[in-house]
Amino acid sequence: MKIKFILFMMLIGSTILLSTTASAESSMSVQDAMRAAGKATFMHRCRACHSLDPAVNSFGPSLVGVVGRPAGTLARYVYSNAMQKSKLVWTEENIRKWVENNEKLVPNTRMRHVAITDVAEQDFLIAFIKSLK
Ligand code: HEC
């Protein structure tokens, strides 16, 4: 009787362990999938002007570490006056507004107009940009 109880508890314990491991794995792969989808958008819509190398500014500034950075402050990149005076910080919310309509957020910016209006696509793009450290 006692042994059966102990076996039962062990079984429950391992089931709980297995299910938490499994859910941790599946939530990680959701994150991975979001980043991968965001990367595809980035390569298609942003990469022509933004490097993935923190040391390289091309036509646009490098976006490595941009989340949390004050706008227009990367050394060795010459921003428009509009961007330097914007006083924005690149929070997730501001990045969302920026990719939705950059000219509305910062009138007279030098960045060509982008309009990524799909919220899911914005989420994916932000997930990818956040991973650029
Ligand atoms: C045609 C070139 C071009 C494309 C395409 C482009 N950008 Fe830009 N981006 C720029 C330029 C130029 C600036 C600097 C703007 C300024 O100084 O007014 C900039 C600035 C930025 C900034 C502000 C960075 C900082 O250091 O303050 C962010 C964030 C940004 N871009 C994100 C994106 C994202 C995300 C995409 C893709 C959806 C994208 N850009 C597509 C040219 C581009």
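Helices (H or I, at least four residues) and strands (E, at least two) are taken as DSSP runs and numbered from the N terminus. The model is predicted, so local features require a pLDDT of at least 70 and side-chain atom pairs a pLDDT of 80 or more, while totals for chains, interfaces and linings use all residues. Residue numbers start from 1 along each chain as its sequence is written, and side-chain values rest on heavy atoms, with hydrogens and water left out.

**Overall fold**

The protein contains 5 helices and 0 strands, and its elements run α-α-α-α-α from the N terminus on. Of its 133 residues, 29% are buried. Here buried means under 20% relative accessible area, exposed over 50%, and partly exposed in between, computed with a 1.4 Å probe on protein chains only. A contact is a pair of residues with heavy atoms within 4.5 Å. Among contacts in the protein with a separation of 6 or more, 36% join residues 24 or more positions apart.

**Ligand site**

The ligand takes up the space of the largest pocket. A pocket is found on a 1 Å grid over the protein atoms alone, as an open set of points with protein on both sides within 12 Å along at least five of seven lines. A molecule sits in a pocket if more than half of its atoms lie within 2 Å of the grid points of that pocket.

There are 25 residues around the ligand, of which C46, C49, H50, S80 and M111 come nearest. By type, the shell divides into 16 nonpolar, 5 polar and 4 charged residues. In this division Ala, Val, Leu, Ile, Met, Phe, Trp, Tyr, Cys and Pro count as nonpolar, Asp, Glu, Lys and Arg as charged, and the others, Gly among them, as polar. Helix 3 (92–100) and helix 5 (119–130) each supply at least two residues of the shell.

| Residue | Protein atom | Distance to a ligand oxygen atom |
|---|---|---|
| R69 | side-chain N or O | 3.0 Å |
| G72 | backbone N or O | 2.8 Å |
| W90 | polar side-chain atom | 2.8 Å |

**Helix 1 and residue T41**

T41 lies in helix 1, which spans residues 2–45. T41 has a relative accessible area of 9% and is therefore buried. Its side chain makes a polar contact of 3.4 Å with the side chain of E121. Not counting residues up to four places away in sequence, T41 touches C46, I116, E121 and L125.

**Helix 3**

The buried residues in helix 3 are N94, I95, R96, W98 and V99. They pack against helix 2 (81–84), helix 4 (102–105) and helix 5.

N94 is in helix 3; because its relative accessible area is 12%, N94 counts as buried. With neighbours within four places in sequence left aside, N94 is in contact with L88, V89 and L105.

V99 is also part of helix 3, and its relative accessibility is 8%, so V99 is buried. V99 touches V114, A115, I116, Q122 and L125, again not counting residues up to four places away in sequence. The C-alpha atoms of V99 and C46 are separated by 9.8 Å, with the two residues 53 apart along the chain.

**Loop residues**

What is the phi of R76? Phi of R76 is near 65°, a positive value in a residue other than glycine. R76 is placed in the loop between helix 1 and helix 2 and is exposed because its relative accessibility is 67%.

The loop between helix 2 and helix 3 holds K85 and K87. K87 is not a glycine, yet has a positive phi of about 60°; at 77% relative accessibility, K87 is exposed. K85 counts as exposed at 65% relative accessibility. K85 and G72 are 13 residues apart along the chain, and their C-alpha atoms are separated by 8.1 Å.

Notes. Near = heavy atom within 4 Å. Polar contact = N/O pair within 3.5 Å; in protein donor to acceptor, adjacent residues only side chain to side chain. 1 Å grid on protein atoms, 1.4 Å probe; cavity = no way out; pocket = protein on both sides within 12 Å on 5 of 7 lines; lining within 4 Å.
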